[in-house]
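Please open the model in your viewer and keep the selection panel within reach. We will go from one selection to the next, with a short note on what is there.

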Amino acid sequence: MKFGVVVFPGSNCDHDAYHVISKVIGQPVDFIWHGNTGLGDCDAIILPGGFSYGDYLRCGAIASFSPVMQSVKEFASRGGFVLGICNGFQVLCESGLLPGMLLRNEELKFICDYVNIRVESTNTPFTSLCSQGHVLNVPIAHAEGNYFCDDATLDMLEAEDQIIFRYCNEVGDITRESNPNGSRANIAGICNRERNVLGLMPHPERASEELLGSADGRVVFKSLAATISELVKA
Amino acid sequence: MTDNQITQEVISQHGLTPQEYDRICEMLGRHPSLTELGIFSVMWSEHCSYKSSRVHLKRLPTKGEAVVQGPGENAGIVDIGGDWCVAFKIESHNHPSFIEPFQGAATGVGGILRDIFTMGARPVAAMNSLRFGPLENGSDAHRNRSIMNGVVRGIGSYGNSFGVPTIGGEVSFAPVYSLNPLVNAFALGVVKRDQIFLGKAEGIGNPVLYVGAKTGRDGIHGATMASAEFDEEAMEKRPTVQVGDPFYEKLLLESCLEAMRSGAVVGIQDMGAAGLTCSTCEMGGRAGNGIEIELSLVPQREPGMTSYEIMLSESQERMLLVAEKGREREVIDIFKKWELDAVVIGFVTDDGLLRVRQNGEIVAEIPNECLTDLAPVYNRPLKPRDLATAEIDVRSIIESCMIPPADALERLLTSPNIASKEWVYRQYDYQVRTNTIVEPGSDSAVIRLKETRKALSMTLDGNGRYCQLNPREGIKLVAAEAARNLVCSGAKPVAVTNCLNFASPERPEVMWDFSETIDGLAEACNAFGTPVTGGNVSFYNETDGKGIYPTPVIGMVGLSEGTNHIVTSGFKNAGDLVVLIGETKDDMGGSEFLSHICGKIAGKLPHLDLTREKAIHSACLEAINSGLINSAHDCSDGGLAVTIAESCFSSHGRPGIGVELEWQTDLSLLTELFSESPSRIVVSLAPENFSKLLEICGRHNVACAALGRTGGSTLQIMLNGQMVINETVSKLEHSWRSVFSNLLDRPEIEAAD
């Protein structure tokens, strides 16, 4: 099994994702340079947080045209697992791998804080070890995390069970107050229809060790590793 | 190359005195060219030359077992064991942040980050110390809010994008900082001992490379601007503030570290204040060599730039690098991979000269030492300042306040100096790099070092009010608080960096304040065994003839050998014992109570006994390292009652918790609750551990008294049998937490300026 962490110029959570995979869940991992056109023998690709290419146009917009993203699109279309965290989620939306957009936070400020998110579906390779309705305490750190999509898309996301995480309070209620950035329907993370591509604004890699305040996010990486190892066996 | 444009007026526009100009002519044996005049003016500016402060700075202790690099380089470095070192420094960006708050603060962060990675260290933490004028009442309140908003956004924008966690600092307010904000940025990086790089141009004939962003016409004379006081025309200086690009800096960081690892780099320095000028002459000077450069090779943003403009530009995100001869290609290729410009613009010479050519023609030729070691040094006149306000007996002022203790507590908790700074740090990414163990809001921030098992604590502290009342005693109290903050997290204080913010050095009272500060700081640092490894002096912090308080800010770094005994300030469990280590005395002089509630900045400062302070540190550290302590909070601004309230408040993953406390006192009730006696720490622990704590404190000859227990949802304090405070924790917490969002999130602020 091998993970790949894409490095765009301006990625700054690339080392954090690498650390969690190599040291916390103990799996092989490589960095993949944005100019590369191949992904090697990776089973899962992580698009990390940061400010790819400075995010000077729209967040993730320039990255979506990078050479490596063409490979990521092919990889995803073949069923490869792709996890986009924060800026990575923005890149996935800009690339068309996930529907919708991430707008500026409602309060127009960068927000770094812990939030609670509820697992809405365990039917993905990224949440298979969670239980339905499980509340995870994980941090966010973004200025543009306000998920938006049109009504038709929202209906589709709901109908196809593509909403994977929603912002909630400590006991798992989806409330207005627990929505940190104005996201539509409290959406914190969604997957594609084929369920092999997940994007989320919160940072599970920052919540993977008790020492740092929460280990609730580790389950995302563990689920992914478990899914891959099942596939490898089969 | 002499030109006759240099009139008296031109000389004074360059911030040089007639005597200084004569000295330049004498050194060169001729009149300088305009380009040379510009070079001298920036290098001899207060900002670059430290001409008024140098004679005093020598009195600071700068050596110690752990010190690998003291003052004089881009950053100080200390050894933390196991082959690892940390590089850290603090720098001011006060003047630019007043003129253009967002970019001024952003480029302040950019500059200090470059100072760190120039040493070969990867920046892993940033902090900042901010001071503003009052945000409400008064004619400048609107402006001050707009400055604060811009500064916080600027810091966040740069640090967040660059990918360094901004994990702490301080924000405080006083009318003297109105239209004269202080923005001091700190950064810390980690480097292996054998991978430290210095800003030295070694090796005759080695190529000199220019790396990073193109040179433009921005920031010309920034250093000179930062060396003069402001008046109403300050806004015209806006073009001297540079524009930062954190994305570019991130690329510069990664490419520079990669180039350094290649082994082809001999020396490196960032181009900060005074840009190409400062980096070339300092790198040459440190190695005792010269540097010759050709300006037509310098990447330029626009055509037609003069040699004067290129040499003085302060465009951001640029580095000067000396490579090993024959390995230029390797270095250039690394930068190319990151899509950055890297060009050979000159070479190292043996003649000790800074020689600048433009299209082959020499436009400047100056011995390096004239710009560095032989720059003017002034022993400016000192005149003791009248400290009469410190003699006022504040007891009668306090008595006349007639405020019930509970009301006083609530008012202090909503004083902007004490209120929660969550509004600020929530805009900073304080977690990126996944090392942050203790987040902003505790006494000091703590990060783990993935490379080792150790953890680093760090804090920034200042207290302009104290230093105004008595500069020497004030800085000692500040240093003691900094060290205590580290101790409260379980770290041993290791070293100090300082940012000395003062008004005009041309006023003898200001120089006296400065001199007193140095002596006080030296005394405290010697007592705590924390040498000063570098820092920055910022003079001329005055607007329209009104100076700021003497405001030295200390950055102190501490070390924990492991991560098992790291403690935060909040109470953890119901039923724990609340204990005061140290003694409360009649120390209301200069207190937040007097200032915020009585409107007086007066009185004798709290008495600090450095030996007792040190004993408190040793006792507290021993108790923490023995695993006895569940929380530790330094008792400072607002006194014991505020300290206890802050420990009651909720923090991540832990709800608020009440206390029931009762003790006896001979002091007046208000003094007992709000006195700012130093050398005190409030800890909580399981009751069964109390006897062990008593034993430790006894051994260190330190007072230690149980005040009561945690539990419930109210903060109750009984003094001499009388209930003096009985307030719901959640209500107090709400008041404390909402101060800045109430002041700054109003819609009209968004539209401000």
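This is a predicted model: local features need pLDDT of at least 70, side-chain atom pairs count only at pLDDT 80 or more; totals for chains, interfaces and linings use all residues.

Residues are numbered from 1 along each chain as its sequence is written, and chains are lettered from A and ligands numbered from 1 in the order in which they are written.

**Stop 1: chain A as a whole**

Helices (H or I, at least four residues) and strands (E, at least two) are DSSP runs, numbered from the N terminus. The C-alpha trace spans about 45 × 40 × 35 Å along its principal axes. For 234 residues a compact globule would have a radius of gyration near 17 Å, and chain A agrees with its 16 Å; the radius is taken over C-alpha atoms, and the globule rule is 2.2 Å times the number of residues to the power 0.38.

Buried residues account for 57% of the 234 residues in chain A. Buried here means that 20 or more other C-beta atoms, placed from the backbone, lie within 10 Å of the residue's own. Of the contacts in chain A with a separation of 6 or more, 77% are between residues 24 or more positions apart; a contact needs C-beta atoms, placed from the backbone, within 7 Å.

**Stop 2: the sheet of chain A**

Now show the strands of chain A. An open sheet of 9 strands runs in the order 2-1-3-4-11-10-9-6-7, with mixed pairing; two strands pair if DSSP finds at least two bridges between them. Strand 2 (29-33) and strand 7 of chain A are at the edges with a single partner strand each, so one side of each has no neighbour in the sheet. On average, neighbouring strands of this sheet are turned by 25° against each other, direction ignored. Axes for such angles are lines fitted to C-alpha atoms, for helices over the stretch in contact, and angles run from 0 to 180 degrees between N-to-C directions.

For a closer look, pick residues 44-47 and 81-85 of chain A: these are strand 3 and strand 4, paired in the parallel sense over 4 bridges. Leu47(A) has Gly84(A) as its bridge partner in strand 4 of chain A.

**Stop 3: where the chains meet**

Bring chain B into view. The contact takes 23 residues from chain A and 25 residues from chain B. On the chain A side, helix 1 (14-24), strand 6 (111-119) and strand 7 (135-142) each give two or more residues, and strand 6 of chain A gives the most, with 4 residues. By class, this side of chain A has 11 nonpolar, 7 polar and 5 charged residues. Nonpolar covers Ala, Val, Leu, Ile, Met, Phe, Trp, Tyr, Cys and Pro, charged covers Asp, Glu, Lys and Arg, and the others, Gly among them, are polar.

**Stop 4: chain B and a sheet with a helix on it**

Chain B has 28 helices and 28 strands, and its C-alpha atoms fill a box of roughly 85 × 50 × 50 Å along the principal axes. Buried residues make up 60% of its 753 residues.

Look for the open sheet of 6 strands, in the order 1-2-3-6-4-5 and with mixed pairing. Its twist averages 20° from one strand to the next. Helix 7 (residues 101-117) of chain B packs on the sheet, touching strand 3 (84-92), strand 4 and strand 6 (182-192) of chain B. Strand 4 (residues 122-132) of chain B runs parallel to strand 5 of chain B, joined by 7 bridges; Phe132(B) stands opposite Phe173(B) in strand 5 of chain B.

**Stop 5: a covered strand**

How many residues of strand 21 (residues 551-560) of chain B are buried? The count is 10 of its 10 residues. To find the pairings, select Gly462(B) with its partner Val553(B), then Asn501(B) with Thr551(B).

Notes: Two residues are in contact if their C-beta atoms, placed from the backbone, lie within 7 Å. A residue is buried if 20 or more other C-beta atoms lie within 10 Å of its own, exposed if 12 or fewer, and partly exposed in between; C-beta atoms are placed from the backbone.
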